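Hello,

Here is the structure I promised to pass on. Please have a look, then read my notes below.

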Protein chains: 2
Amino acid sequence: MGISSGITTICCCSGTSISKLHFHHHLPRASIPSISPSPSPALQGRIKFSSFSSRSVAAARHRLGSTTASSVGSCCFTWDDVFRAGESNETDSASDLGGFFDRVKLCNRNLEKLNEFMPFVIANQIVGYVHFGFADHLRKFRDVFIFQKDTKAFGSNFGCHVTLHSSLTTAEDRTRAVGDVVKCLGEELIPGIRNELYPVVSSFGSPIFFSVERAAAPYFGTKAYGVHMNGYVEKDGQKYLWVGKRSEVKPTYPGMLDHLVAGGLPHGISCEKNLVKECEEEAGIPSSISGRAVPVGAISYMDIDGHRFKRDVMFCYDLKLPEGFIPRNEDGEVESFKLVPVTHVANIIRSTEFFKANCNLVIIDFLFRHGYITPENIGYLKLLQSLRSGDCS
Amino acid sequence: MGISSGITTICCCSGTSISKLHFHHHLPRASIPSISPSPSPALQGRIKFSSFSSRSVAAARHRLGSTTASSVGSCCFTWDDVFRAGESNETDSASDLGGFFDRVKLCNRNLEKLNEFMPFVIANQIVGYVHFGFADHLRKFRDVFIFQKDTKAFGSNFGCHVTLHSSLTTAEDRTRAVGDVVKCLGEELIPGIRNELYPVVSSFGSPIFFSVERAAAPYFGTKAYGVHMNGYVEKDGQKYLWVGKRSEVKPTYPGMLDHLVAGGLPHGISCEKNLVKECEEEAGIPSSISGRAVPVGAISYMDIDGHRFKRDVMFCYDLKLPEGFIPRNEDGEVESFKLVPVTHVANIIRSTEFFKANCNLVIIDFLFRHGYITPENIGYLKLLQSLRSGDCS
């Protein structure tokens, strides 16, 4: 069902929100992940970017039979399409970072709508933001949510902020009460409930006020933390990244490209331990190898999508893998892995939306740290800074 | 003249501004740089920081016979003192980043005094900031500097901003006219004139409005760019950094610790070419090796010191050197180089002010990217963000 083999099986891709895409056609889920190296050789180390660019994005759009900007490559593509994008050597400009900026924008949408949200305050600290429309649903739970007249301190646009009822003094009480509300609101208002708790904090490492269902976190605008790992191999002085393709039956971002390993940071586990766990589950990497993963920094983004306000911070890791190591997915979340030259991954990111949106940021960070993007590229500092567009705290 | 050998040769160190320190005693300049590896073995890869910390800073202060916060280690120390700080295994807390935060603060002083500066505007863009006291000296040059009534656009605290006379339309005219003023004001008002021109821009890569003498840049609050390179060696899985000790006769920061290679970015040369040039001059690294240096990002800081407002952006590079390579200073600016385990360098930074202030930031960035600072260290994200406290554009 590749782009080149016709568009008869192309799915609906016209929405602007990837998270809202629904798939009519699912590929059969591979029972044993197929793993093979990319068929193409590595390009030279530091790239003068070959470019799909706007011209070829338009062409890809045309091939996909679509005219909406966000649909290009956001679903229903094959590894062949991926390799084609990676190998493209169309060149608009040797130093064009435009495609990367587009991917950063994809994670930081609609920030002009921040004024539609009111602060969610606990113990005099802002822990989240709630859309005025969603707030209306909370108003009926008067023993849980209180709407307090705002002072200037929290800068609400509505003259009030949301807080929790003063009777909810412990983290356990708050977790239970908010959890009951989430259940009550149900899938219609908060789709994709996972029964996984995320801690609610004002900043990383600060006291946990309570925990909230993962799928509900963006509706309360609470911060979410995760670990993302770039697994790479070095052969003959060239670097390759292991790229995963998500299962077509995953509820979120099915079929899209992903890191070798990534996961949200649930309540009660450190980044390091979570990474080791995810390495085992997602890619079959034993702790003897994953223990060598190097924490290398963090990226952040803020994204508004209707009533949802994502405020995510991802801790980034690099893991240099032995040449002979072959990842193997253990939890059914990944369809297959391929080893792709970093220069090709860069082209894929610049010219397509094949990667799950936030993975783009973590890989662009990798491209900076490994010298694939250089100060000679116009917009270097602006792109570098944009990788922490969110509240990185 | 080490700390341990008594304090009779300790120089005056009581000022709060490193750049204003003057040395009464100069060591003889080494005609041939002495080069030797650190005598101590590497600590294990990822550090649970041993710490000099505030307690040992106080002790060092006592040994130095001084009570001012900024004096510790800011001059007159020997390699023995450096090694002692590096090897210290006093431990206050396994995850204390406090010493690193102190070094970041050292580069970002007095920002509450920003309201003492007025914008310096060219072609409707802010290119710098001038202290109202320094502005008074400029007022008499009426054919060069114009004080225009401010609109809200530039947010001046003085109701006006500085600009250049409308007759100065070309970069050449502006460079000459401002250069004449700088000469006229002389060493008393602008000490340390180097006859080196820095481009004046609103952001990196944008059009150059004119060029200004390097020593004068902070008086006009114009941005300055530079390249800083961490040269490291990997032996048996442990990393070592090459550390330079600046010549005692250098006009700026004499005797302090420095990167293997660093330099300001003058007008008309790219980062890459400047780095290759500095590698050759400062450490005798041939282009066949320096060409492998990897650009890895950038740090920024803003520092107010009297009439001076530094707004610096440093492009960071890593260069992995062959084990056998021995740097050799070619321009007399470095007294000697030593190879120091990265874990020891981390201790030196946390517990002393031996390094030239902005080098601390670039090395802390290295510690992040190479996994020596981890998300488990309290304050991880705050410290990471603080490395770009300045306008990084």
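This is a predicted model: local features need pLDDT of at least 70, side-chain atom pairs count only at pLDDT 80 or more; totals for chains, interfaces and linings use all residues.

Let me begin with one span of chain A. Residues 224–365 of chain A are 25% helix and 42% strand.

Next, the interface. Chain A brings 31 residues to the contact, and chain B brings 31 residues. The buried area between chain A and chain B is about 2,500 Å². Carbon and sulfur atoms give 57% of that area. Which residues of chain A lose the most area to chain B? They are A:P295, A:L381 and A:R388. Together they make up 24% of what the chain A side buries.

Now the polar side of the story. There are zero salt bridges between chain A and chain B. Polar contacts do turn up: ten residue pairs across the interface, with both residues at pLDDT 80 or more.

Where on chain A does the touching side come from?

Strand 12 of chain A gives the most, with five residues. By class, the side of chain A that touches chain B has 18 nonpolar residues, eight polar and five charged.

Best wishes

Methods:
Residues are numbered from 1 along each chain as its sequence is written. Chains are lettered from A and ligands numbered from 1 in the order in which they are written. Side-chain values use heavy atoms; hydrogens and water are left out. Contact means heavy atoms within 4.5 Å. Buried area is the accessible area (1.4 Å probe) that two parts lose on being put together, summed over both. A salt bridge is a side-chain nitrogen of Lys or Arg within 4 Å of a carboxyl oxygen of Asp or Glu. A polar contact is a pair of N or O atoms within 3.5 Å; within protein, one must be able to donate a hydrogen and the other to accept it, and residues adjacent in sequence count only if both atoms are side-chain atoms. Helices (H or I, at least four residues) and strands (E, at least two) are DSSP runs, numbered from the N terminus. Ala, Val, Leu, Ile, Met, Phe, Trp, Tyr, Cys and Pro count as nonpolar, Asp, Glu, Lys and Arg as charged, and the others, Gly among them, as polar.
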